[in-house]
Amino acid sequence: MSSAIAPTGAPICVTCGTQFDSSWSATHCPICEDERQYIGLGGQQWTTLHDLRTGHRNVFTVEEPGLHSIHTEPSFAIDQRAFLVRSEEGNLLWDCVPLIDDSTIAEIRNLGGLSAIAISHPHYYTTMVEWSDSFGGVPIYLHEADRRWVQRGGVNIKFWAGHTKCLFGQLGLVLCGGHFEGFQVLHWPSGAGARGALLAGDQPQVAMDRRWVSFLYSYPNMVPLGAPAIRRIVRSLEPLEFDRIYGAFGRHVMSDAKKVVQRSAERYLSRIGAPPLGAYAEPDEQLVVEIHVRDVEASARFYRTLGFQLLRAEHNFAELLWDMSRLFLEGVAAQPEPPGTVIANMRIMVPDVERYWRMVQEMGLHVARTLGERDYGLRDFTVVSPDGLGLRFATRL
Ligand SMILES: [Zn+2]
């Protein structure tokens with residue numbers, strides 16, 4: 001039974017399955033009000049675990065050795081599946097379903113109990129605290145970036161930060177971002193006959209055509225993710241070995257899953273008019289000038305005294321950085337003496353051109369054009385590098 005008034009006891013939102021603190025007296029669910037979710041057509045409705053237990057049950061299905069899925073029947077709220085991943089070092093509940101009852105607890109005890117819980121993203125936090133309490137307060141691992149979405153807190157919730165977190169039994173959490181800032185997947189290396197499996201929750205989302213996956217900001221409201229998020233997800237999954245993906249809705253990619261992710265990301269990027277994965281370089285690597293110089297060390301020294309940062313120095317090669325821009329120096333012994341005139345300028349915007357002007361004068365460097373106000377709206381000067389290139393330092397007028 002559901003009601004529009006939040007019941008006493010810890011209320012559960014009927015649309016998303018999120019359980020709130022018993023003290024929750026508001027009439028709305030922040031998870032459903034977020035643009036990734038929606039409020040049901042009949043308005044905000046609430047229920048309780050007590051009511052959910054009458055008329056619903058959890059069904060355990062063996063997906064492969066060491067892995068059970070847990071699904072509530074008849075379906076409730078978002079209708080996702082949770083998974084019990086078994087290992088010799090303990091069992092992990094991946095994602096969560098709102099219903100937890102005596103027969104669920106007995107079934108899990110039969111399968112070796114529970115050592116920890118980890119959940120992909122806030123839509124599946126549901127009754128995680130009840131689950132943890134039912135197994136002696138096992139830790140619940142959530143990513144720090146989604147802390148603000150927790151509606152019912154508890155001492156058992158362990159927020160972690162960073163990109164990866166090792167659990168037990170070789171299980172590991174990997175931060176992917178995308179659907180939620182703190183979205184995490186579970187890597188299970190011994191899954192799929194030791195070829196590795198990914199428990200992905202909603203992302204990558206296994207498509208109706210199981211040869212494909214997709215990535216959305218909102219699934220119910222069909223809002224896409226942008227290209228940077230797609231590239232980040234692919235980059236996060238790149239170091240992992242996996243052949244299989246288990247999704248939250250009973251759809252799984254049974255083999256070749258890593259290639260499926262790659263192929264699907266390429267298709268997605270192409271449909272939104274973004275450059276393909278392989279062709280893309282980060283913004284600071286898109287266009288880099290490479291200068292041929294007679295003496296790499298002397299040239300690198302010159303650039304560094306002016307404020308460039310040395311990123312890398314190898315035999316006859318140096319990589320320099322100015323803010324977000326890179327500059328390559330390549331040593332070419334046969335490079336002729338620079339001509340008397342400057343053949344090209346590199347313009348460098350600085351907040352205080354006077355300071356650079358004083359520095360250049362103190363160092364007695366060769367100046368091609370002295371400091372002055374220009375009709376193109378800049379105050380600038382040009383200093384000449386040992387290789388005949390002009391560096392035009394400028395500040396807006
Ligand atoms: Zn809700």
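Both faces of strand E12 are covered in this predicted model: Gln 184, Leu 186 and Trp 188 on one side are buried, and so are Val 185 and His 187 on the other.

**Overall dimensions and packing**

- The C-alpha trace of the chain spans about 90 × 50 × 40 Å along its principal axes.
- Of the 397 residues in the chain, 37% are buried.
- Among contacts with a separation of 6 or more, 54% are between residues 24 or more positions apart.

**Strand E12 and its partners**

- E12 pairs with strand E11 (residues 172–175) in the antiparallel sense, over 4 bridges.
- Within this pairing, Val 174 has Val 185 of E12 as its bridge partner; Val 185 belongs to the face of E12 that also carries His 187.
- E12 also pairs with strand E13 (residues 197–201), again in the antiparallel sense, over 3 bridges.
- In E13, Ala 197 is the bridge partner of Trp 188, a residue on the face of E12 that includes Gln 184 and Leu 186.

**Val 206 and its surroundings**

- Val 206 is located in strand E14, which covers residues 205–206.
- Val 206 counts as buried because it has 24 C-beta neighbours inside 10 Å, where 20 or more are required.
- Beyond its neighbours within four places in sequence, Val 206 is in contact with Val 213, Ile 245, Gly 247, Arg 251, His 252 and Val 253.
- One of these contacts, Val 253, is 47 residues from Val 206 in sequence, while the C-alpha to C-alpha distance is 6.8 Å.

**Backbone exceptions**

- Most residues other than glycine have a negative phi, and most peptide bonds are trans.
- The peptide bond from Glu 73 to Pro 74 is cis, with omega near -10°; Pro 74 lies in the loop between strand E4 (67–73) and strand E5 (82–87).
- The loop between E4 and E5 also holds Ala 77, which has a positive phi of about 55° although it is not a glycine.
- Ala 77 counts as buried, with 22 C-beta neighbours inside 10 Å.
- A cis peptide bond also links Gln 203 to Pro 204, with omega near -5°; Pro 204 is situated in the loop between E13 and E14.
- Ala 194, in helix H5 (residues 191–194), has a positive phi near 70°.
- Ala 194 counts as exposed, since 10 C-beta neighbours lie inside 10 Å and the limit for exposure is 12 or fewer.

- The chain is divided into domain 1 (61–271), domain 2 (282–336) and domain 3 (338–397).
- The C-alpha centres of domain 2 and domain 3 are 18 Å apart.
- Their contact takes 9 residues from domain 2 and 7 residues from domain 3.
- On the side of domain 2 that touches domain 3, strand E20 (289–293) and helix H8 (296–305) each supply at least two residues.
- H8 gives the most to this side of domain 2, with 4 residues.
- By class, the side of domain 2 that touches domain 3 comprises 6 nonpolar, 2 polar and 1 charged residues.

**The open sheet E24-E27-E26-E25**

- An open sheet is formed by 4 strands in the order E24-E27-E26-E25, with mixed pairing.
- Strand E24 (345–349) and strand E25 (367–373) stand at the edges; each has a single partner strand, so one side of each is left without a neighbour in the sheet.
- On average, neighbouring strands of this sheet are turned by 20° against each other, direction ignored.
- Strand E26 (residues 378–384) and strand E27 (residues 390–396) run antiparallel and are joined by 7 bridges.
- In E27, Thr 395 is the bridge partner of Arg 379.

Key:
Residues numbered from 1 in each chain as written. Predicted model: local features only at pLDDT ≥ 70, side-chain atom pairs only at ≥ 80, totals over all residues. Contact = placed C-beta atoms within 7 Å. Domains from an automatic or database assignment. Nonpolar A, V, L, I, M, F, W, Y, C, P; charged D, E, K, R; others polar. Pairing = 2+ DSSP bridges. Axes fitted to C-alpha atoms, helices over the stretch in contact; angles between N-to-C directions.
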